[in-house]
Amino acid sequence: MARTVLRTPLCDLLGIEYPVILAGMGPVAGGMEPVATAELAAAVSNAGGLGMIGGAGYPPERLREEIRRVRELTDKPFGVDLLLPSDVLAASDGGERLPADPRSLIPQELVEAVKRLAADLGIEYVEMPREQARPRRGVMDIRGQTEVVIEEKVPVFASGLGSPAPWIERLKANGTKVISLVGNVKAAKRVAAAGVDIVVAQGTEAGGHTGRVATLPLVPQVIDAVAPTPVVAAGGIGDGRGLAAVLALGAIGAWVGTAFLVADEANQPELQKQRILAATEEDTRVTRLYSGKPMRNITNPLIEKWEEAGLRALPMGLQGLLIQDLMYSIRRAGRNELLMNAAGQIAGLLTRSRPAAEILYDMVTEAADILANRLPKTVTAVPGDGA
Ligand SMILES: Cc1cc2nc3c(=O)[nH]c(=O)nc-3n(C[C@H](O)[C@H](O)[C@H](O)COP(=O)(O)O)c2cc1C
């Protein structure tokens with residue numbers, strides 16, 4: 001059979017064959033290594049989509065290595081995704097505003113509450129040896145990371161949180177295409193005004209950090225708000241039906257995360273992968289527990305207890321320090337089902353692991369079949385002339 005053809009303006013904009021972008025999926029359960037390493041990114045790029053390195057957890061020089069590795073694995077375009085929140089510790093100012101020990105910013109009553117959660121779950125609370133704990137300024141070096149992206153002249157840059165405005169001129173001067181993820185119309189207008197090339201409208205059903213508006217209402221409203229800037233849809237797209245649906249909404253492509261979490265090349269611990277495969281559409285929950293910002297995860301008893309306790313989350317970065325010893329204790333106790341396991345509501349559709357190229361190719365082949373064959377067979381549509 002001939003190879004599927006499915007082209008949209010996104011293909012010309014990014015120099016790719018299919019209008020599907022691998023979501024930039026960052027660190028796995030507290031480490032710096034992302035789900036989307038060079039292997040997964042290259043697998044998607046080589047298959048005709050756009051692969052993305054989830055670079056948010058990498059120190060700058062480690063990010064540079066990963067960019068060079070993806071270039072060894074593919075000669076196709078690829079991207080790097082970073083998180084650019086404004087409230088992160090050690091953010092774009094390099095951490096100058098931080099006190100000598102950022103832990104001094106954490107209210108003691110929250111530490112006690114976290115200890116009680118551990119006790120409730122039968123986990124012995126043990127402090128992480130301080131030499132293993134995160135370096136003072138090592139939470140996220142956004143300034144250093146973005147410098148590496150600029151120096152390495154990556155083809156595509158995506159910001160998953162916040163605005164790339166401070167860097168956009170230098171990125172574009174290199175020919176880098178700039179993408180921004182948003183969860184509402186206000187943020188979409190802000191990044192479009194800053195001059196991004198593509199806005200990704202991400203619905204609440206998405207895995208990872210997410211907003212409150214679902215994909216179906218969000219995408220057309222963002223399209224109208226930022227025209228003529230093109231929009232790619234994200235959140236809940238798991239097969240060709242989802243891809244065809246967002247193209248019908250007017251998006252020029254799909255940004256897909258959860259469906260690639262079970263790819264053979266995804267850097268996802270086996271336990272987390274199995275929990276995604278076993279999940280139903282109702283097994284995810286949004287919580288601020290792991291990062292301080294709302295994040296959709298496969299739920300677990302720790303998330304349920306945190307939410308039940310109604311505890312206030314700290315800003316991104318500080319929240320990571322608050323739960324650092326709890327996460328260490330969980331690992332020590334072998335209770336890894338309580339670690340972060342970001343995934344979206346489409347997890348319920350996923351039943352098996354397979355190569356990323358197969359996931360991508362099945363998705364575009366089904367979407368092409370829906371648009372070219374199935375819809376014309378089942379839908380009678382003859383637009384009137386308004387008379
Ligand atoms: C495990 C995981 C990690 C993620 N990490 C990031 C990240 O570091 N940066 C980012 O921009 N988005 C991140 N996201 C969100 C994705 O970019 C994307 O918007 C989302 O996965 C799309 O919805 P879907 O999961 O329903 O496909 C993550 C999502 C998941 C599932």
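Modeller: The expected span of a helix is 1.5 Å times one less than its number of residues. Helices (H or I, at least four residues) and strands (E, at least two) are DSSP runs, numbered from the N terminus. This is a predicted model, in which local features need pLDDT of at least 70 and side-chain atom pairs count only at pLDDT 80 or more, while totals for chains, interfaces and linings use all residues. Residues are numbered from 1 along each chain as its sequence is written, and side-chain values use heavy atoms, with hydrogens and water left out.

Biologist: How far apart are the end C-alpha atoms of helix 8?

Modeller: Helix 8 covers residues 215-226, which makes 12 residues. At 1.5 Å a residue they should span 16 Å, and the model agrees: the end C-alpha atoms are apart by 16 Å.

Biologist: Which residues of helix 8 are exposed on the face turned away from its buried side?

Modeller: Start with the buried residues (under 20% relative accessible area; exposed is over 50%, partly exposed in between; 1.4 Å probe, protein chains only). In helix 8 these are Thr 215, Leu 218, Val 219, Val 222, Ile 223 and Val 226. They cover an arc (taken from the directions from the helix axis to the C-beta atoms) of only 125°, so they sit on the same side of helix 8. The face turned away carries the exposed residues Leu 216 and Asp 224.

Biologist: And which strands do the buried residues of helix 8 pack against?

Modeller: Contact here means heavy atoms within 4.5 Å. The packing partners include two helices, helix 7 (185-194) and helix 9 (240-249). The strands are strand 5 (177-182), strand 6 (198-202) and strand 8 (231-234).

Biologist: Within what arc do the buried residues of helix 4 fall?

Modeller: Those residues are Leu 110, Val 111, Ala 113, Val 114, Leu 117 and Ala 118. Seen down the axis, they line one face of helix 4, because they fall within an arc of 160°.

Biologist: Is Arg 64 buried or exposed?

Modeller: Arg 64 lies in helix 3 (residues 60-73). Leaving aside neighbours within four places in sequence, Arg 64 is in contact with Val 148, Glu 151 and Glu 152. Its relative accessibility is 14%, so Arg 64 counts as buried.
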